[in-house]
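Trainee: Could you show me how to read ring pairs and a chain interface in a model?
Mentor: Happy to; let us look together.

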There are 2 protein chains.
Amino acid sequence: MSGLIKTLIKTSTLSLALGAIAFSATAADKVYRLKLAETWGPNFPIFGDATKNMAEMAEKMSNGRLQIRIDSSNKHKAPLGVFDMVKSGQYDMGHSASYYWKGKVPNTLYFTAMPFGMTPAEQYAWFYHGGGMELMEQVYTPHNVMSFPGGNSDIQMGGWFQKEINSVDDLQGLKMRIPGFAGEILADLGAKPTNIASGELYTSLERRTIDALEWVGPSLDLRMGFHKIAPYYYTGWHEPGSELQFLVNKRKFDSLPEDLQEILRIAMRTAAYDMYIHATHESGKNWASMKSEYPDVQVKDFPPEVMAAFRASNDKLLAEHAAKDALAKEIQMSQAAYLEQVRSWTDISHRAYLNSQAK
Amino acid sequence: MSGLIKTLIKTSTLSLALGAIAFSATAADKVYRLKLAETWGPNFPIFGDATKNMAEMAEKMSNGRLQIRIDSSNKHKAPLGVFDMVKSGQYDMGHSASYYWKGKVPNTLYFTAMPFGMTPAEQYAWFYHGGGMELMEQVYTPHNVMSFPGGNSDIQMGGWFQKEINSVDDLQGLKMRIPGFAGEILADLGAKPTNIASGELYTSLERRTIDALEWVGPSLDLRMGFHKIAPYYYTGWHEPGSELQFLVNKRKFDSLPEDLQEILRIAMRTAAYDMYIHATHESGKNWASMKSEYPDVQVKDFPPEVMAAFRASNDKLLAEHAAKDALAKEIQMSQAAYLEQVRSWTDISHRAYLNSQAK
């Protein structure tokens, strides 16, 4: 329609009244172009699919009025600069993970996944019905940034190990790639967490430069090939449902018409849920591939003694955070209370059902 | 905008060219009004919230161009006539559950929940990545109706019992309100499934006119009050994640502009996911209330012998369906293959994690 109007304006000598109509029609057709920086490289599976899914939904629902250009890390060169770039307005949006910003804004730690914390559905319930979104807003608003759930990777595995972990002693000196808060827990127990670029992980594990590593789970581990070189795949404890994050520059969001704000909000919410389901699917498919190619992979649970030690370190480190920061304490208490309530239900539904069906 | 244009048209003597602009602007502003019939009564918790959530998202995202009026069962008087009313075009949309139509269209049975079947996330993965949507389309398209996931109630409980079930013998003559396919399984094992109007359930259970009943789970059971009068709450097996359904008259859907089709599709998808998370929240909250008001409620698992009998009957009845209908067989095989693959993953993620955290 706007092309027709422009032609008419150029070729006509119509009055002010027609000018008003043309202006009004053009406003409704105005195209809003947003730029999104994602932490991931181009065509990154599952995570990158979530941003594309979000942008496609927004464009179709808005009849082309909302166009979101996605720049992967090869373009913007700052995978861990996404928060700053959205805050400054260099980018309008970001797709990343909240806990990456804990060095700058400590309380961002709490909005991805916590050790011994909530499963994906439990955590979505906390975000949307248990006060989680409001707490996240308190953390992000001072930075002129809005944060929304951005897709769940499902429960992450505990990692690939070259040797069995039968006791806390087995953790002493263990060289493991495990970043973030979980890495702090391992360090507290005498392990040696290291960070290694993803391209070097396979060789490091194969040559035993490291004894163990955690990545995600079968959905993304398959293509890394770890199952070919490490015999033990430990079940998870440290990220029981990592939720990625959409970031939006708040001034930019506020400048959009109300219908496009709602379209953007719903496109992000749906893309997040969709990614959780996509991760569930890819996990099942890829785990089947791993088992069929390498039937000797052994799934192991950490023994109760080791889990108890992980938990004790976790509690100690969380208490240190809470002692330093009232909002950290409030978030921790909200999560703990919500987890206690919802897990009582998960135990008599999901846990009971899955146990009754186990072969 | 359209008000301004109408005024201008009335008061102006502008040429054909202006008429063309005004027509075009009016088309983009045209309001599409759809009527939705829901199976539930007015203000029905969780299920009814899902339809309201869907309609609100659609209206806001379309800037008021898509308006959906919701009629509850007190209005249309045909809670189990929703499929027929959408098929005939008397209503444009419906909100119900697919398995209600199995008397008319037997293969609709498979798109709500199946005994010993998939959990909510597993089933969404089957719908969106495992061929489920395509199979559902095959079943519904001949009826000029489109069916979409409409919200998950989470894993349903096995029901409230006045006496313990310790063996298959205890099922003999057991009077239980349990409708649908699960009722057929109970009947096959010697129980006497009955159907009783929801308003009479409490009294029937209290006076022991029936020995047991299943409803949903804490999310909807709390307000029914069963926990006050029955001591045993059995864990679930027969509906491990009942997915409700949005129905849309296909001709009506096809008549919408493409952007409103996408808005409607995404509003339904999001409302479905949102309902699952809402049900998770309400289940946790209400289960906490039940336990605090009636701490003597005992949660029980059916013993393995009884579960094995349920499963054997289930397999027998499913085989009877499959023998009569090639599409039924295809759907069953698709579900069984998908379940086997995805459950292998759920077992090493959710089941392992929940067991490791159990108190």
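Trainee: Are A:Tyr234 and A:Phe302 buried or exposed?
Mentor: Both A:Tyr234 and A:Phe302 are buried. Keep in mind that this is a predicted model.

Trainee: Why is the pair of A:Tyr234 and A:Phe302 called stacked?
Mentor: Ring planes under 30 degrees apart count as stacked. Here the planes stand at 20 degrees, with the ring centres 4.4 Å apart, so the pair qualifies. The two partners are 68 residues apart: A:Tyr234 sits in strand E9 of chain A, and A:Phe302 in the loop between strand E11 and H13 of chain A.

Trainee: Which ring pairs join into a cluster?
Mentor: Ring pairs connect A:Tyr124, A:Tyr128, A:Tyr273 and A:Tyr276 with B:Tyr124, B:Tyr128, B:Tyr273 and B:Tyr276.

Trainee: How is the size of an interface often given?
Mentor: Often as the accessible area lost when the parts come together. In this case chain A and chain B bury about 6700 Å² between them, and carbon and sulfur atoms give 69% of that. A:Trp345, A:Tyr353 and A:Leu354 supply 12% of the area chain A buries against chain B, more than any other three residues.

Trainee: How many salt bridges and polar contacts are found between chain A and chain B?
Mentor: The rule finds two salt bridges across the interface, and 22 residue pairs are in polar contact. One salt bridge joins B:Arg269 to A:Asp274, with the closest N and O atoms 2.5 Å apart.

Trainee: Which element gives the most to the side of chain A that touches chain B?
Mentor: That is H12(A), with 19 residues. By class, this side of chain A has 38 nonpolar, 22 polar and 13 charged residues.

Terms used
Residues numbered from 1 in each chain as written. Chains lettered and ligands numbered in written order. Predicted model: local features only at pLDDT ≥ 70, side-chain atom pairs only at ≥ 80, totals over all residues. Heavy atoms only, no water. Buried area = accessible area lost by both parts, 1.4 Å probe. Salt bridge = Lys/Arg side-chain N within 4 Å of Asp/Glu carboxyl O. Polar contact = N/O pair within 3.5 Å; in protein donor to acceptor, adjacent residues only side chain to side chain. Helix = DSSP H or I, 4+ residues; strand = E, 2+ residues; numbered from the N terminus. Nonpolar A, V, L, I, M, F, W, Y, C, P; charged D, E, K, R; others polar. Phe/Tyr/Trp six-rings, centres within 6.5 Å; stacked < 30°, edge-to-face > 60°. Buried < 20%, exposed > 50% of the residue type's maximum accessible area, 1.4 Å probe, protein only.
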